[in-house]
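Me: I would like to go through this model and ask what stands behind the words used for it. Please set each value against its cut-off.

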Amino acid sequence: MNENLLIVGGTGFLGFHFAKEALKRNYNIYSLSTNPPVKGRFLSGINYIYIDLLNKNALLKFLGKTKFDYVINFVGYVDHRFFKDGGENVFENHFTSTLNLIKFLQKDELKTFLQVGSSDEYGNNKSPQSENFRESPITPYSFAKVALCHLLQMLYKTEKFPAVIIRLFLVYGPNQNQERFLPTIIKKAITDEKILVSPGEQIRDFCYIDDVIEAIFLTLNNKRVYGEVINIASGEPIKIKKVVDCVTNFLNKNKAKFGALNYREKESMNLFADINKANQILNWSPKISLKEGLERTINWYQKNV
């Protein structure tokens with residue numbers, strides 16, 4: 001009998017790519033999300049369930065029917081609003097939603113609960129950022145991620161809840177939400193729109209989606225990773241300016257106008273990962289170079305813009 005896999009946020013960018021690979025590996029897959037998949041993200045063979053995780057009654061009714069071997073939690077969207085600008089809702093949509101999920105799950109057959117965290121949890125810690133660093137969240141979004149990390153580690157220590165936390169840096173690839181950084185740049189370059197960006201001196205860490213998905217599968221039913229936090233990234237720092245130039249050069253388009261926009265308030269300028277732990281504990285390292293990943297991504301957008 002195929003194992004039951006629940007993908008929370010299965011209609012999002014990460015969830016879609018994970019579900020697509022999970023189908024190839026013959027899991028019995030449920031996708032739990034608030035809204036149906038957008039055009040281009042529907043997958044035949046997926047059991048799509050639409051519930052707001054803040055709706056306790058509906059969530060309990062669904063989770064009471066099926067036991068899951070694996071739960072992958074992609075819940076929520078990146079949102080850098082401050083508390084004064086609606087950050088309380090951001091916190092609730094991440095932390096409280098996941099708390100409800102954990103509370104109502106049937107846990108007796110659960111082999112892995114994977115929480116997808118964020119590099120934002122490190123805040124302005126010096127790079128390369130290691131899992132041993134004390135977290136320093138600077139938004140309600142990153143605070144919610146840190147709070148969930150600590151909750152899950154506590155549950156593992158006290159109740160042997162089989163949780164693992166991965167912290168993703170900048171993931172990119174085909175079919176990403178159009179408002180995200182790279183899709184925006186690529187789309188504007190393809191359609192000959194002006195590309196207005198910040199000075200581009202921020203240092204970031206880009207990891208191609210296929211490498212991230214492979215790392216996630218390596219955590220499933222892996223007792224070595226229970227209770228652990230693991231960075232998943234390329235481990236290779238690069239300036240935003242260089243990434244934008246790579247896109248425009250590949251498409252043979254005009255250069256972007258650097259400095260036309262201001263940096264985001266309190267933006268971290270130096271953010272890349274130490275991935276030694278992923279190498280050691282998962283025997284994982286990224287295989288897709290930035291050049292190859294960008295080419296794959298741009299080619300997809302050229303066919304789908």
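Reply: Contact here means that heavy atoms lie within 4.5 Å. The model is predicted.

Me: What is His17 in contact with, leaving aside its neighbours within four places in sequence?

Reply: By that cut-off, His17 is in contact with Pro174, Asn175, Ile209 and Ile213. His17 itself belongs to helix α1, residues 13–24.

Me: Why is His17 called buried?

Reply: Buried means under 20% relative accessible area. His17 has 8% relative accessibility, so His17 counts as buried.

Me: What makes the protein as compact as a globular protein of that length?

Reply: The protein has nine helices and 13 strands. Its radius of gyration is 19 Å, close to the 19 Å that the globule rule gives for 305 residues, and therefore the protein is as compact as a globular protein of that length. Along the principal axes, the C-alpha atoms fill a box of roughly 55 × 40 × 40 Å.

Me: How much of the protein counts as buried, and how much area does the protein expose?

Reply: Of the 305 residues, 52% count as buried.

Me: What share of the contacts between residues at least 6 apart in sequence joins residues at least 24 apart?

Reply: That share is 78%.

Me: How many side chains are positive and how many negative, and how far apart are the centres of the two sets?

Reply: There are 40 positive and 31 negative side chains, and the two centres lie 2 Å apart.

Me: Which residues of helix α2 are buried, and how do you know that they line one face?

Reply: In α2, residues 56–63, the residues Leu59, Phe62 and Leu63 are buried. Seen down the axis of α2, the buried residues fall within an arc of 90°, so they line one face of the helix. In general, an α-helix has 3.6 residues a turn, so residues three or four places apart point the same way.

Me: What covers that buried side, and what does the face turned away from it carry?

Reply: The cover of the buried residues of α2 includes the strands β1 (4–8), β2 (28–33) and β3 (47–50), together with helix α3 (87–104). The face turned away carries the exposed residues Asn57 and Lys61.

Me: Why are Lys160 and Asp192 called exposed?

Reply: Exposed means over 50% relative accessible area. Lys160 has 58%, so Lys160 is exposed. Asp192 has 59%, so Asp192 is exposed too. Lys160 is in the loop between α4 and β6 (163–168), whereas Asp192 is in the loop between α5 (181–190) and β8 (196–197).

Me: What is the phi of each of these two residues?

Reply: Phi of Lys160 is near 55°, and phi of Asp192 is about 60°. Both values are positive, although neither residue is a glycine. Most residues other than glycine have a negative phi, and most peptide bonds are trans.

Me: Where is a cis peptide bond found, and what is its omega?

Reply: The cis bond joins Ser127 and Pro128, with omega about 0°. Pro128 is placed in the loop between β5 (112–118) and α4 (140–159).

Key:
Residues numbered from 1 in each chain as written. Predicted model: local features only at pLDDT ≥ 70, side-chain atom pairs only at ≥ 80, totals over all residues. Heavy atoms only, no water. Helix = DSSP H or I, 4+ residues; strand = E, 2+ residues; numbered from the N terminus. Rg over C-alpha atoms; globule rule 2.2 N^0.38 Å. Buried < 20%, exposed > 50% of the residue type's maximum accessible area, 1.4 Å probe, protein only. Lys, Arg positive; Asp, Glu negative; His and termini not counted. Charge placed at Lys NZ, Arg CZ, Asp CG, Glu CD. Arc of directions from axis to C-beta.
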